[in-house]
Amino acid sequence: MSISELVQVSPELDAWMRETRRHLHMNPELSLQENNTSRLVSGHLKELGIKHRTGVGGDGRSLFMDADELKAAGITPGPTTGGTGILGIIEGRKPGKVLLIRADMDALPIDEQNDVPYKSTKPGVMHACGHDLHTTILMGVAEVLNGLRDQFDGTVKLMFQPAEEGPGGAVAMINDKILEDPNVDAALALHVGVGIRAGQIALRAGPVNAAADTLKIVVRGVGGHAARPQAAVDTMVVAAHILIALQTIVSREVDPFQPAVVTIGALHGGVAGNVIPASAEMNGTVRTHSPEVRDLIERRIREMVPTLAKAMRAEADVIYLRGYPTMRNDEAMVDVVRAAATEVIGADNVFTREPGMAGEDLAFVAERVPTCMFGLGVADPERDIIYPPHHPRFDADEDALACGVKVMVASALKYLNS
Ligand SMILES: [Zn+2]
Ligand SMILES: [Zn+2]
C-alpha cells in the first residue's frame, strides 16, 4: 500500500481532535503548570494502550542557565518542571531506527481577545502559540501510528513537553534521558503559523529559529536634585547613550548578511521629573543565527556598556543570559518530510518557509539529533484568522489538525522504513 493510502484520518478522529483542541483552548495552562493537559494526554495514551512515562523532567534539576547568572539577573530558578512531561513509546514490527516526535503543551500569559465559543475560560491565560493544536495533533499521531504498528520498523517516542515558552521544558526532558534507552536517531515537530492556509505546510533546511538571549543592564550613578546636575551622575542620560550605542553593534559590526537583532524592550529609571535617579535599568533580547555572531554581540555588549558608563562617570553591570540556541533543521530530515508531505497533501501545498528570529527550545533536541520542525498552516483570511502566534487574536483553522497528523505520520513511516 502506498503511504497516502495507509495514512488516513477518520472522520471520528478528526471530530475528536477538533473537540479536544477546543477543550484545551478553553482550559489553557501556563508553563510548568500543564497538569490537567498532561493528565488528558496520559488518559488518551492509556486508552490506546500506549506505554508511557509521566512526570518526565519533573525532578527539580536545574535548567540550562547558570544558577549564579540567574541570581545576578534577579531570577529565582524554580523546579525544572511541574512534572508534566510525558514520554510515550510505540514499537513497530521489529527493532530499527528510533524517531522522536514532539509537541509542546503550555499556554501564554495573554488575555484572549477572540469572540469565539471556545474562548479561553481563564482570564489572562491563552493558547496564543497554538500549543493546544500541537498537543492535539500528537495525540492524533499516536492513535494513527499505533494502528499502523505492523507497517513500520523501529520505535516512535512521543514527547509531550512542558514550558516551551520558558524556561525550556525540552531541556528538563533531555536531562531526564528521553533521548536514551533506546537512543533517538532523529526528531520531528511542527509549529503552527499564519503565513499559509490550513492544509498547507512550509519548511526549510538550516536555521529556522534564532538563538534567543536575555540582556539586563543596570546603570549606577549618583542621585540628586534635578536643578543641580553637577552634583549628581545622571543615570538617565547614561542609559540613553548606552541604548543608542547598542544599536551600532548590529548596524556597524555585524556582517549585513548575518541575521541579528538587539532590542531593548524596557528602560526604567526615576520616579519624578525633579529628581535625578541614582540608578536605571534596561532589559532586552539578542537574537542571532550564527554562533560567531552570537559570541561577537555578547562580547561587544560586555565591552561597550561599562566603558561608556565610565566615560560618563557612572558604572554599569551587564547580565547576559544565554537562552535557547539556534533551531537548525537537518537537510536529510527536511527531505523526508517534504517527500512524505508531497504524497499526502500534494506538492502544491508544500512551501519553502523563511527563517525567523523567534526562539524555540526544540533547538536543544536539534543540537543532539537530526531534526525537522515544519510550519503548519492555520490561516483562514475569510474568517479573519490571520493573526500571528503570541497575538491576543491568534486563532487557527481546525482543518489543520488532520493535515498535521497526516504529514507527521507519513514522515514517520517514510523515515523509519527507509
Ligand atoms: Zn510561543
Ligand atoms: Zn510555540
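In this predicted model, the buried residues of helix α7 are Thr-235, Val-238, Ala-239, Ile-242, Leu-246, Ile-249 and Val-250. An α-helix has 3.6 residues a turn, so residues three or four places apart point the same way.

Four strands form an open sheet in the order β10-β12-β8-β13, and the pairing is antiparallel. Since β10 and β13 each have a single partner strand, they stand at the edges, and one side of each is left without a neighbour in the sheet. On average, neighbouring strands here are turned by 20° against each other, direction ignored. Between β8 and β12 the antiparallel pairing extends over 10 bridges, and Ala-211 stands opposite Thr-288 in β12. Helix α7 lies across β8, β10, β12 and β13, running at about 175° to β10, while α8 packs on the sheet as well, touching β8, β10, β12 and β13, with a direction that makes about 165° with that of β13.

A second sheet is built from eight strands, open and with mixed pairing, in the order β1-β2-β4-β3-β5-β16-β6-β15. Its edges are formed by β1 (51-56) and β15 (350-352), each of which has a single partner strand, so one side of each is left without a neighbour in the sheet. Neighbouring strands of this sheet are turned by 25° against each other on average, again with direction ignored. Elsewhere, helix α5 (residues 131-147) lies across β2 (85-91), β3 (98-104), β4 (155-161) and β5 (186-197), and it runs at about 145° to β3.

The packing of nonpolar residues can be followed next. In soluble globular proteins, nonpolar side chains tend to be buried together. The largest nonpolar core of this model has 88 residues, and those with the most contacts inside it are Leu-99, Ile-101, Val-141, Val-337, Met-408, Val-409 and Ala-412. Helix α11 (residues 399-417) supplies the largest share of this core, with 13 residues. Leaving aside neighbours within four places in sequence, Leu-99 is in contact with Gly-154, Val-156, Asp-185, Ala-186, Leu-188, Ala-412, Tyr-415 and Leu-416. Apart from this core lies another, of 25 residues, among them Val-262, Ala-280, Ile-297 and Val-305.

It remains to set these parts within the whole chain, whose secondary structure comes to 11 helices and 16 strands. Of its 418 residues, 48% are buried. Among contacts between residues at least 6 apart in sequence, 82% join residues at least 24 apart. Taken along the principal axes, the C-alpha atoms fill a box of roughly 85 × 45 × 45 Å. The radius of gyration is 24 Å, which agrees with the value near 22 Å that a compact globule of 418 residues would have.

Terms used: Residues numbered from 1 in each chain as written. Chains lettered and ligands numbered in written order. Predicted model: local features only at pLDDT ≥ 70, side-chain atom pairs only at ≥ 80, totals over all residues. Helix = DSSP H or I, 4+ residues; strand = E, 2+ residues; numbered from the N terminus. Rg over C-alpha atoms; globule rule 2.2 N^0.38 Å. Buried ≥ 20, exposed ≤ 12 C-beta atoms within 10 Å, placed from the backbone. Contact = placed C-beta atoms within 7 Å. Core = buried A, V, L, I, M, F, W, Y, C linked by C-beta atoms within 7 Å. Pairing = 2+ DSSP bridges. Axes fitted to C-alpha atoms, helices over the stretch in contact; angles between N-to-C directions.
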